[in-house]
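Reader: I have the model open and want to go through it piece by piece. Can you start with one residue and take it from there?

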Amino acid sequence: MRYISTRGKAPVLSFDEAMLTGLARDGGLYLPETVPTMTHDEIAALAGVSYEEAVFRVIWPFLGGALGDETETREIIAKAYADFGHVARAPLKQLADNHFLLELFHGPTLAFKDFAMQLIGQMFQAVLKKTGQRVTIVGATSGDTGSAAIEAFAGLDNVDVFILFPHGRVSEVQRRQMTTPDAANVHALALDGDFDDCQAKLKDMFNDFTFRDEVGLAGVNSINFARVLAQIVYYFTSAVALGAPHRKVSFCVPTGNFGDIFAGFLAKQMGLPIEQLIIATNQNDILHRCMESGAYAKQGVTPSISPSMDIEVSSNFERALWWAYGKDGEAVAALMDELQQGGFNVSANAMGALTQTYTSGRASEAETQAEIARVLAESNELICPHTACGTHVARQHLGATPVITLATAHPAKFPAAVEEASGVHAPLPKRMADLYDKPERVTRVENDLAALETLIRERRVS
Ligand SMILES: *Cc1c(COP(=O)(O)O)cnc(C)c1O
């Protein structure tokens with residue numbers, strides 16, 4: 001299996017190389033040259049197997065043996081999901097007629113990011129052990145990626161982890177999950193700026209090839225293909241639970257960086273009968289506006305009660321565009337250049353391709369709050385604000401085909417917003433009840449590339 005860049009000019013890599021690299025050297029994102037498919041019978045045979053076994057069957061053809069033989073690969077997968085608080089890993093609940101909720105928040109940091117991050121942590125460890133290499137992982141987070149990364153990599157060999165988060169713009173639970181692990185190889189950095197600033201600094205570091213090579217820079221943001229890969233699995237397990245491949249399903253995905261929903265697209269490419277992938281945004285609705293008008297136009301980000309979706313440079317959308325433009329790397333590179341100036345227009349042909357798979361909707365702040373209260377009243381489920389954007393949008397698309405809304409975080413991760421909307425306090429699960437008692441460790445940093453690079457050089461264990 002070979003991995004190529006969306007911008008067409010970076011070296012072709014194997015799975016493990018693409019995983020260690022993260023962002024391609026031409027600024028693009030890695031994707032498999034061809035997507036492996038599963039037959040009708042192979043999909044049907046996922047019914048009733050353990051989540052870990054489904055992970056193995058779905059990801060194995062993408063790996064090219066990068067994690068070792070079948071037994072070694074299964075061991076890595078088993079370790080990744082061992083700390084989840086639910087035996088099903090991703091249980092499915094019914095909310096209403098033909099509307100289902102896929103609970104992706106039973107991992108160690110209570111958001112769906114754990115599904116990919118726990119696995120990628122074990123994958124890094126396995127690959128680095130073979131080569132003896134040491135890497136520095138730098139990540140940008142609007143909250144959930146950073147906590148999942150710090151939790152997944154804390155104490156692992158051969159890796160230092162630095163996480164940039166926007167100072168004052170993450171929830172207290174998110175912050176504490178980043179600042180309380182005491183392993184020496186993980187570092188939480190509070191940047192003066194918003195999430196797009198964090199993401200921009202991260203990209204600048206990757207484009208500083210001297211620094212990149214000196215510290216062995218690696219990325220685990222949602223641009224890392226290994227993360228997208230891990231997220232394909234729960235599309236299969238949940239669809240099969242509702243009758244796939246004999247029956248079609250649709251998914252509604254609370255979306256920010258487009259990583260999660262793009263994994264759904266890959267599941268569809270692999271053969272899973274998905275009717276629609278519904279992009280749900282909050283008030284930062286650049287993706288919804290683009291789907292409606294064809295214009296991807298930046299307007300600035302307004303902080304919301306669903307902060308993990310407060311994004312307007314939706315990195316993984318580049319992968320969707322690459323497909324929509326018939327895998328034309330030059331066309332994608334040109335669009336991304338235009339984005340630097342504020343935006344671009346998607347061609348009519350490419351919009352045609354996008355709308356074949358995706359549709360979209362948005363939830364305002366008031367709609368998100370009302371939705372949390374409504375779902376509690378009608379279905380007796382307490383949901384987080386991100387999930388509420390999803391169920392709000394999903395309700396506008398209910399019909400003959402069942403819709404699965406991805407519940408991307410546990411309500412206890414955003415207790416203030418949930419309580420304001422519903423009057424109900426969401427308690428942390430018992431296994432993490434001591435989060436508020438642990439000491440915090442965090443470094444405040446300015447929005448400055450040179451200062452950041454110096455800090456990372458000094459702090460990493462070399
Ligand atoms: C990251 C995140 C999202 C957005 O996922 P993307 O892959 O960036 O689109 C939605 N909800 C929650 C809770 C998240 O942590």
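Author: M291 is buried, with a relative accessible area of 8%; buried means under 20% relative accessible area, exposed over 50%, and partly exposed in between, with a 1.4 Å probe and protein chains only. This is a predicted model, in which local features need pLDDT of at least 70, side-chain atom pairs count only at pLDDT 80 or more, and totals for chains, interfaces and linings use all residues. Residues are numbered from 1 along each chain as its sequence is written, and side-chain values use heavy atoms, with hydrogens and water left out.

Reader: Which helix is M291 in?

Author: M291 belongs to helix α12, residues 286–293. Helices (H or I, at least four residues) and strands (E, at least two) are DSSP runs, numbered from the N terminus.

Reader: And how far is M291 from L382?

Author: Their C-alpha atoms are separated by 30 Å, and M291 and L382 are 91 residues apart along the chain.

Reader: What about T136, buried or exposed?

Author: T136 has 0% relative accessibility, so it counts as buried. T136 is part of strand β5, residues 135–140.

Reader: Now the ligand. Which residues come nearest?

Author: K113, D144, G256, N257 and T408 come nearest, out of 15 residues around the ligand. Near here means that one of a residue's heavy atoms lies within 4 Å of the molecule.

Reader: How much of the ligand does the protein cover?

Author: The protein covers 97% of the 380 Å² of accessible area that the ligand has on its own. Accessible areas come from the Shrake-Rupley method with a 1.4 Å probe; for residues, only the protein chains shown count as cover.

Reader: What is the make-up of the shell around the ligand?

Author: Five residues of the shell are nonpolar, seven are polar and three are charged. Ala, Val, Leu, Ile, Met, Phe, Trp, Tyr, Cys and Pro count as nonpolar, Asp, Glu, Lys and Arg as charged, and the others, Gly among them, as polar.

Reader: Back to the backbone. Which peptide bond is cis, with omega near 5°?

Author: The one from A244 to P245. P245 is in the loop between α10 (225–241) and β9 (249–254).

Reader: What is the phi of N98?

Author: N98 is not a glycine, yet its phi is positive, about 60°. N98 sits in the loop between β3 (92–96) and β4 (99–103).

Reader: And N380, what is its phi?

Author: N380 also is not a glycine, and its phi is positive at about 55°. The loop between α16 (365–379) and α17 (385–395) holds N380. With 62% relative accessibility, N380 counts as exposed.

Reader: Last one. Where is Q340?

Author: Q340 is in helix α14, residues 329–340. Q340 counts as exposed because its relative accessibility is 64%. The C-alpha atoms of Q340 and F153 are separated by 33 Å, and the two residues are 187 residues apart along the chain.
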